[in-house]
Amino acid sequence: MRRSTASAVPALVVALVLGGVPAVAGADDPFADHERQQVTWGSCPFPLAEGARPAECALVTVPRDWAAPREGVDLRVSVSRVAATGARTGAILVNPGGPGGQGTSLAGVLAGLHPGLGERYDVIGMDPRGTGREGGAEPALVCEVPTGRLSARTDLDARDRSADSVAEHLKAPRAIAEACQGDALTPYTTTWQTAHDIELVRRLLGEPRLNYLGYSYGTWLGAKYASLFPDGAGKLVLDSSVDWQGRLQAAFEAFPPINQRHFDRVFLPWVSRQFPELGASATEVRATWERVRDFYAAGGLLAPDAYDGVFVGMGSEIRWVFAVLLLSLGAAELDGAEPAGRPWLDDAARARFGVPVAGLTPAVVLSALRADDYTRVAGTRYAVACGDQPTRSASWYRRLSDRQGPENPLFGWAYGLSEPCGHWSDAPRQVLPALPAGVAGRVLVVQAEFDPQTGHEQARAAVRGAPGVSLVEVDDSPFHGQYAVGGNPCVDGLVDVFLLANSRPGHVVCPGVPLPGEDEVHPVAGPVDRAPTAVAAQSAPAPSAARDGARDRIATLNAP
């Protein structure tokens, strides 16, 4: 269903002057000028997703630099609002992560997926500064990288440690860093600045406290908002968490080991159960995977680095389906066999390509693989990741590649050679504080055991660094994003109790739900060190294209 702008709101757009918490006027109050603005709600420029509730949208004017709010040309950020349908508790701002994820459409998606949330809360979305306006023409931070600065090779393989290969790999991150640092908006596109934008939104909404739900990088943003504005922060749900008490960049540096663990312990064994023709054990499937890697490379169909990348950051069911299709079709063509079809996989193939697995070829699936365009790069990702805190050097990342590659070959060789932050020269302009002790009692962290995009260890480190924060772990789960998008009733129930009934759990372990195509959970040894807490085994969630799409969006935004 697509929402037309003509029918989304009445023709008469109501202009609301929202007072918010009074500020003391004066030059030392950064909000004094901007919180007087008029907020006009109207139709949203993005299409209404299937199952989503309609939202109303507005543009909010923010200073370019909150450290000097009366200097420079103001910016505009887009916000959305889905009004509570029942007894209203307050407002909750949602963020899908990134850095650089637009969140205005997410408000309606989450309100539609989880009606209990949308009944009690106004769900607020926001497109953070630097991301433009979702569905609209508001300019975004885009780094223009000269083509001549990039490698012309189409066969890059980070396992090749020759001087020429390393030099070719280093071209893109160096060029991206230089292009992004050359944009005038980059120094003002940071978590510190966006947290101030959120505080302005809270004041304009007139909320005494603004509640928050953030996924992935959104956990960092939410924790830093609460650290900078503890009096304005309400309840915070930090789902699929980085270590927001430590270094943001450490979450990216952990991609190789957490992706290798996900691949070796969960994905390959699942493939061996679901597709025994690809291998009767994880070891045999891995051998098939290597043969297909060589097959795609030899035929010039897919560079080794690009092939590996399909199996990195597989934080959603949709990404798993795409990966197994690529593997299965390659193996079938290599061996002259029929591709492996399963009812649930055929349904997924029809939904994505219009035909069952038998009607697909590797070329068709590869056509859907997004080719990396390094000439126009979304700059918010790097402005935040490299600009929030001091960065490591390029030589440090090269040594990290040498260390991580042997034990984590899926992404260990490539990551340290591909990180633009290693070439970042600008120092941070502000310091981000740690979470104050007084806020810890209002924070709930949710973390899957085998999340390949924000590692379990990152979440545990944040909780250890902030005594009093509650933790819900999801045993055996390999996916990114849990609350409202995972179909796990244990997780949804615990978070709902926190948000809707004002009762915060302590340290709880939820059982996972079955993986695609399965009707039971296959336990895997991992970093969750206690059994699920008094909850019976859970069945597979009912199929939901809306839920799968929402989780895939979160996973895609936060992929390396």
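**A residue and its contacts**

Tutor: The side chain of D157 reaches the backbone nitrogen of R159 at 3.0 Å. This is a predicted model, in which local features need pLDDT of at least 70 and side-chain atom pairs count only at pLDDT 80 or more, while totals for chains, interfaces and linings use all residues. Residues are numbered from 1 along each chain as its sequence is written, and side-chain values use heavy atoms, with hydrogens and water left out.

Student: With which side chain does D157 make a polar contact?

Tutor: The partner is the side chain of R293, at 3.0 Å. A polar contact is a pair of N or O atoms within 3.5 Å; within protein, one must be able to donate a hydrogen and the other to accept it, and residues adjacent in sequence count only if both atoms are side-chain atoms.

Student: Where is D157 found, and is D157 buried or exposed?

Tutor: D157 is in the loop between strand 7 (142–144) and helix 4 (163–181). Helices (H or I, at least four residues) and strands (E, at least two) are DSSP runs, numbered from the N terminus. D157 counts as buried because its relative accessibility is 17%; buried means under 20% relative accessible area, exposed over 50%, and partly exposed in between (1.4 Å probe, protein chains only).

Student: Which residues does D157 touch, not counting those up to four places away in sequence?

Tutor: They are S165, H169, R293, P304 and D305, where contact means heavy atoms within 4.5 Å.

Student: What follows helix 11?

Tutor: G336 does, with a positive phi near 65 degrees.

Student: At what angle do helix 8 and helix 11 pack?

Tutor: Helix 8 (residues 255–274) packs against helix 11 at about 65 degrees, and their axes are 12 Å apart. Helix 8 is therefore roughly perpendicular to helix 11. Axes are lines fitted to C-alpha atoms, for helices over the stretch in contact, and angles run from 0 to 180 degrees between N-to-C directions. Angles under 35 degrees count as roughly parallel, over 145 as roughly antiparallel, 65 to 115 as roughly perpendicular and the rest as oblique.

Student: Which residues meet there?

Tutor: From helix 8 come H262, V266, F267, W270 and V271, and they meet W320, A323, V324 and L327 of helix 11.

Student: What covers the buried residues of helix 19?

Tutor: The cover includes helix 2 (104–113), strand 8 (210–216) and helix 11. The buried residues themselves are R547, A550, R551, D552, I554 and A555.

Student: Finally, what is the phi of S240?

Tutor: Phi of S240 is near 65 degrees, a positive value in a residue other than glycine. Most residues other than glycine have a negative phi, and most peptide bonds are trans. S240 lies in strand 9 (residues 233–241) and counts as buried, because its relative accessibility is 0%.

Student: Which peptide bond is cis?

Tutor: The bond from G98 to P99 is cis, with omega near 0 degrees. P99 is in the loop between strand 5 (90–95) and helix 2.
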